[in-house]
Amino acid sequence: MQTPSRNRAVVATTSGPVDVLTDVELDVPTPGPRDLLVDVRAVSVNPVDVKLRGGALPGDGGPQVLGYDAAGVVLAVGEEVTAFTVGDEVYYAGSIARPGSNQQVQLVDERVAGHKPTSLDFAEAAALPLTTITAWETLFERWRLSADSTGTLLVMGAAGGVGSILVQLARQLTGLTVIAAVGRPESREWISGLGAHHVVDRNDLLAQVAEIAPRGVDLVFSPFSAGMVDTYTQVMAVGGSVVAIDEPEGVDTLPLKWKSQGWHWEFMFSRVLHDPESTAHRELLDEVARLVDAGTLRTTLGTRLSPIDAATLQEAHRQLESSATIGKVVLAAE
Ligand SMILES: NC(=O)c1ccc[n+]([C@@H]2O[C@H](COP(=O)([O-])OP(=O)(O)OC[C@H]3O[C@@H](n4cnc5c(N)ncnc54)[C@H](OP(=O)(O)O)[C@@H]3O)[C@@H](O)[C@H]2O)c1
């Protein structure tokens with residue numbers, strides 16, 4: 001496989017509505033010592049892409065290549081790379097501090113890339129990295145759960161990108177009873193196939209959860225936290241714990257005190273930004289690839305679009321803006 005002479009990319013020319021996403025040609029970047037140069041075959045779109053494009057572009061606010069999730073093939077490696085060779089198939093969420101995956105060829109540090117599951121195509125693999133790292137760190141690092149863990153877990157936003165993999169990980173790798181909360185019949189249908197023990201209507205949450213866990217649940221996963229603290233206090237048992245992953249403005253967690261409940265944050269780029277030597281994301285993605293190939297986990301791809309260009313990315317961002325997508329929206333190169 002040849003490295004192209006030019007690099008087709010989509011940039012956000014500035015912060016703004018979806019039409020700031022524009023097709024351009026960039027130089028092909030040169031790998032640093034620990035970098036892989038990847039031929040990007042598929043990318044998935046995350047709410048963070050939409051938030052950055054809509055108002056919080058990193059850096060100087062100038063043209064930026066967005067997108068974090070990708071799956072592709074290694075075209076070249078830096079001189080200190082040890083874990084990959086040319087031709088390897090990889091999948092990764094990369095770093096929020098570097099140019100993203102919405103380009104034909106991309107640099108990614110070998111410490112945050114995993115070997116792609118062999119049983120998935122590129123689009124199916126690109127659905128997974130960012131949300132899976134988030135879900136894994138929530139369960140096994142923030143809550144320190146294990147195969148021996150029991151109790152009840154309520155997963156809000158269960159049919160979303162993160163919820164769809166967190167439900168699977170919790171069901172397959174812990175002893176928890178998993179309660180998935182959804183709002184629409186199509187979300188219920190989707191999540192029922194991913195292993196939740198119970199599915200409840202998020203618009204009738206307290207009554208439906210009380211029937212399953214009369215003393216309250218032990219854990220709540222919260223991807224949509226605005227205005228939810230009082231509800232979580234009520235739905236959780238004494239000593240319960242929330243992990244939240246979004247950015248609810250001005251959240252006040254004091255009401256949790258009266259039932260000795262906890263509130264943790266999870267941000268999947270924390271390690272990349274503050275512990276760049278860590279290989280934890282590579283190890284995590286390699287383990288997830290093994291679990292996928294063993295049939296324990298499945299892809300969360302919900303919608304497949306193509307090709308990877310500005311028009312298709314604009315459509316994907318529009319879909320994400322609705323907060324009504326099921327699973328992941330993925331763009332395949334062809
Ligand atoms: N901290 C991190 O590292 C990290 C990582 C990934 C994502 N995030 C953040 O987490 C949030 C969710 O991400 P995601 O990718 O899972 O989202 P997503 O895929 O856009 O979630 C969409 C799903 O959420 C449900 N939903 C919509 N509004 C809801 C609400 N108010 N309450 C509960 N469920 C609702 C919808 O189904 P129903 O209406 O049928 O229920 C839909 O299926 C975003 O803010 C994202 O930026 C943070």
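Visitor: How many salt bridges are counted between domain 1 and domain 2?
Guide: This is a predicted model. Between domain 1 and domain 2 the count is three salt bridges.

Visitor: Which residues of domain 1 lose the most area to domain 2?
Guide: The area buried between domain 1 and domain 2 is about 1900 Å², with 62% from carbon and sulfur atoms. Three residues together give 27% of what the domain 1 side buries. They are Leu284, Arg298 and Ile326.

Visitor: How many residue pairs are in polar contact across the interface of domain 1 and domain 2?
Guide: On the contact count, 24 residues of domain 1 meet 23 residues of domain 2. For polar contact, both residues of a pair must have pLDDT 80 or more. The number of such pairs is 10.

Visitor: Which element gives the largest share of the side of domain 1 that touches domain 2?
Guide: Two elements give two or more residues to that side: helix H9 (280-293) and strand E15 (301-305). The largest share is six residues. That share comes from H9.

Visitor: How many charged residues are on the side of domain 1 that touches domain 2?
Guide: Sort that side by class. There are 11 nonpolar and eight polar residues. The charged residues number five.

Visitor: Which residue has a polar backbone atom 2.8 Å from an oxygen atom of the ligand?
Guide: The ligand is surrounded by 23 residues, and the closest are Lys51, Ser187, Arg202, Glu266 and Met268. The side chain of Arg184 has an N or O atom 2.9 Å from a ligand oxygen. A ligand nitrogen is 2.9 Å from a backbone N or O atom of Ile245. For the backbone atom at 2.8 Å from a ligand oxygen, the residue is Thr325.

Visitor: How far apart in sequence are the parts that Arg53 and Glu321 tie together?
Guide: The salt bridge count comes to 20. In one of these, the closest N and O atoms of Arg53 and Glu321 are 2.8 Å apart. Arg53 lies in helix H1 (residues 47-55) and Glu321 in helix H10 (residues 310-321), so the parts they tie together are separated in sequence by 268 residues.

Notes
Residues are numbered from 1 along each chain as its sequence is written. This is a predicted model: local features need pLDDT of at least 70, side-chain atom pairs count only at pLDDT 80 or more; totals for chains, interfaces and linings use all residues. Side-chain values use heavy atoms; hydrogens and water are left out. Contact means heavy atoms within 4.5 Å. Buried area is the accessible area (1.4 Å probe) that two parts lose on being put together, summed over both. A salt bridge is a side-chain nitrogen of Lys or Arg within 4 Å of a carboxyl oxygen of Asp or Glu. A polar contact is a pair of N or O atoms within 3.5 Å; within protein, one must be able to donate a hydrogen and the other to accept it, and residues adjacent in sequence count only if both atoms are side-chain atoms. Helices (H or I, at least four residues) and strands (E, at least two) are DSSP runs, numbered from the N terminus. Ala, Val, Leu, Ile, Met, Phe, Trp, Tyr, Cys and Pro count as nonpolar, Asp, Glu, Lys and Arg as charged, and the others, Gly among them, as polar. A residue is near a molecule or strand if one of its heavy atoms lies within 4 Å of it.
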